[in-house]
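Subject: Structure handover and what turned up in it

Hi there,

Have a look at it first, then read on.

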Amino acid sequence: MKKAASLVLALSIGFGAFAGGAAAATELETAVDQLVGIDYKYGGTTTKGFDCSGFTGYVFEKLGIDLPRRSADQATVGAKVGKDELRPGDLVFFNTDGKGISHVGIYMGDGNFAHSSSSRGVSISKMNDSYYSKRYVTARRVFDETQYVALATEAAPAAPVVAQAPAAPAPAAPEAAAVTEDVVLSTEAAELAAEHAGEDVSVEDVVESLRQRM
C-alpha cells in the first residue's frame with residue numbers, strides 16, 4: 001500500500017512538472033517522461049533498469065551528450081552553479097551515504113528533479129523534500145547556451161501567416177493609353193464606313209458621329 005501511494009505521488013509530481021501538454025514539452029522533458037516508472041537497478045544503464053548515474057547518462061546520451069559513468073565523476077563535468085541559479089538540464093548531486101557524492105539527478109524546473117531512486121525507480125522529486133534538501137551537495141551546468149535553448153526550452157510559436165492583398169494593377173503608361181484610344185477610334189471609323197457604304201458622307205459627318213459614340 002505504501003509503495004502504491006509513493007508511485008501515485010511521484011506520478012502526480014511528474015505530471016505537474018511537465019504541465020502544458022505534449023505540444024509544449026521540451027526534448028529534455030520528453031526524454032525523461034519516457035523513462036518515468038522504470039525500476040531501479042544497481043549498475044543499470046538501460047531501460048531494463050537504471051541506477052542514478054545510469055539514468056542521467058542515458059538521458060544525456062539521448063540528447064547527444066556523453067557523461068562519465070559514476071555520479072562522483074559526473075560532478076566534475078560542466079560548470080558549477082548555485083542552488084538558486086538552477087535551470088532545466090542542470091545536474092544536481094547529493095550525499096546519501098555520508099561518504100560524499102553518491103546520488104545524481106536532473107533538475108527539471110519549478111523545484112523538481114528527475115532521478116532513479118533506489119526505492120521508487122525513475123521518478124520526479126522535489127528539491128525541498130526533507131530527505132534530499134538535507135543531503136544536497138552541488139550542481140553542475142552541462143548544457144551550453146545553444147544546447148539549453150534547443151533541448152530545455154519550449155520552442156517559440158511560429159509566426160502567423162498573414163495573407164497579402166493582391167497588388168493593384170499599375171496605371172497604364174500614357175503611350176499605351178494613346179494606342180488604346182487610337183484602336184477604339186479606328187474601330188468606330190470602320191463601323192461607320194460599313195454603315196454608310198455607297199453613301200456620300202462628308203468628313204465632318206464622320207467626325208461628328210465619332211464624337212457622339214465616344
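Strand 6 (112-117) and strand 7 (121-126) pair in the antiparallel sense over 6 bridges; two strands count as paired if DSSP finds at least two bridges between them. Helices (H or I, at least four residues) and strands (E, at least two) are DSSP runs, numbered from the N terminus. The two strands form a hairpin with 3 residues between them, and Ser117 stands opposite Gly121 in strand 7.

Before going further, please keep in mind that this is a predicted model, in which local features need pLDDT of at least 70 and side-chain atom pairs count only at pLDDT 80 or more, while totals for chains, interfaces and linings use all residues. Residues are numbered from 1 along each chain as its sequence is written, and side-chain values use heavy atoms, with hydrogens and water left out.

Strand 6 also has a partner in strand 5 (103-109): 3 bridges join strand 5 to strand 6, and the two run antiparallel. Here Ile106 stands opposite Ala114 in strand 6. Strand 5 and strand 6 form a hairpin too, with 2 residues between them. Asp110 is in the turn and has a positive phi of about 55°. Asp110 counts as exposed because its relative accessibility is 65%; the cut-offs are under 20% relative accessible area for buried, over 50% for exposed and in between for partly exposed (1.4 Å probe, protein chains only).

How much of strand 6 is buried? The count is 6 of its 6 residues. In a regular strand the side chains alternate between the two faces of the sheet. In strand 6 both faces are covered, with Asn112, Ala114 and Ser116 on one side and Phe113, His115 and Ser117 on the other.

Now for the core. The largest nonpolar core has 28 residues, and Phe55 and Val59 have the most contacts inside it. A nonpolar core here is a set of buried Ala, Val, Leu, Ile, Met, Phe, Trp, Tyr and Cys residues joined through side-chain atoms within 4.5 Å. Among the elements that give two or more residues to this core are helix 2 (27-33), strand 4 (91-94) and helix 6 (145-152). Helix 3 gives the most, with 5 residues. Leaving aside neighbours within four places in sequence, Phe55 is in contact (heavy atoms within 4.5 Å) with Val32, Leu35, Phe50, Ile106, Ala114, His115, Ser116 and Val122. Apart from this core lies another, of 10 residues, including Val92, Tyr107, Phe113 and Tyr136.

A search of the whole structure finds 8 aromatic pairs. Rings of Phe, Tyr and Trp (its six-membered ring) pair if their centres lie within 6.5 Å; planes under 30 degrees apart count as stacked, over 60 as edge-to-face and the rest as tilted. Phe94 and Tyr132 form an edge-to-face pair, 5.3 Å centre to centre with 65° between the planes. Phe94 lies in strand 4 and Tyr132 in helix 5 (residues 130-135), so the pair ties together parts that are 38 residues apart in sequence. Both Phe94 and Tyr132 are buried. Ring pairs link Phe94, Phe113, Tyr131, Tyr132 and Tyr136 into a cluster.

Two rings also have a charge over them, meaning NZ of Lys or CZ of Arg within 6 Å of the ring centre and within 35 degrees of the ring normal. The charged end of Lys83 sits over Tyr136, 4.6 Å from the ring centre, and Arg87 lies over the face of Tyr148 at 3.8 Å.

Finally, the salt bridges (a side-chain nitrogen of Lys or Arg within 4 Å of a carboxyl oxygen of Asp or Glu): the whole structure has 4. In one of them, Arg87 pairs with Glu145, and the closest N and O atoms are 3.1 Å apart. Arg87 lies in the loop between strand 3 (79-80) and strand 4 and Glu145 in helix 6, so this pair ties together parts that are 58 residues apart in sequence. Arg87 counts as buried at 13% relative accessibility, whereas Glu145 counts as exposed at 51%. Another joins Asp90 to Arg141, with closest N and O atoms 2.9 Å apart, and both of these residues are buried.

Best wishes
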